[in-house]
Amino acid sequence: VYRCTKASDVTSKLPSALPGDTFVMADGDYKLAWLKLSCAGTAQNPIVLMAENTRMARVTGSGCITLEGASYMVFDGINFEMAATSSIMKYQGAHHIRVTNCRFTMTKDKDNQTSKWILVGDLWDNTTCTSGHNRFDHNIFEDKQDGGSLFIIDGSHGGTPQISVHDTIDHNILRRVGP
């Protein structure tokens, strides 16, 4: 178990996580820039990034968490209060990722802003889609005031396009989502 008290604890250790590693974020603010994760847990030993106290670890910034080929990870209890950005989480060939008990919100920067808060798919030109079996549950999504979607389940576009399969979105609260 790794205790994180600042953003650099997360950004320096999480990308090289091994199966069974757990990262506990202490209460406080974590300003994250772009973060790409390709780490892989296992079904029996997932990699976990969790708030010590539910939604008291607040991730801010205008970056995106990109899960490229990542697998068997859990994000639990994190409060994502993002500045205007195109996506909060982007899955590119990621599978068996669970996001639970989290809160998502994003500030509106300008009138013509669009965002896709959660984008699940694969690398654009891949011929097969390796993303799938992801779950989003018991989260709060609120105050989306720009164009675009909360969730996009996409896939690969090279060759014969394929979509991410067996993804579930359940038991979430969507509040003040527009336009």
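**View 1. H96 sits in strand β11 of this predicted model.** The strand itself covers residues 95-100. Take a look at the backbone here: H96 has a phi near 60°, which is a positive value in a residue other than glycine. As for the surface, H96 comes out at 28% relative accessibility, so this histidine counts as partly exposed. The cut-offs behind that label are under 20% for buried and over 50% for exposed, with partly exposed in between.

**View 2. N101 lies in the loop between β11 and β12.** Strand β12 takes in residues 103-106. N101 is not a glycine either, yet its phi is positive, at about 60°.

**View 3. Seven strands line up in an open sheet.** Reading across, the order goes β1-β2-β5-β8-β11-β14-β19, and the pairing is parallel. At the edges you'll find β1 (2-4) and β19 (168-170), each of which pairs on one side only. Leaving direction aside, neighbouring strands of this sheet are turned by 10° against each other on average.

View 4. For a landmark, pick out V48, which stands opposite V74 in β8.

Technical notes: Residues numbered from 1 in each chain as written. Predicted model: local features only at pLDDT ≥ 70, side-chain atom pairs only at ≥ 80, totals over all residues. Heavy atoms only, no water. Pairing = 2+ DSSP bridges. Helix = DSSP H or I, 4+ residues; strand = E, 2+ residues; numbered from the N terminus. Axes fitted to C-alpha atoms, helices over the stretch in contact; angles between N-to-C directions. Buried < 20%, exposed > 50% of the residue type's maximum accessible area, 1.4 Å probe, protein only.
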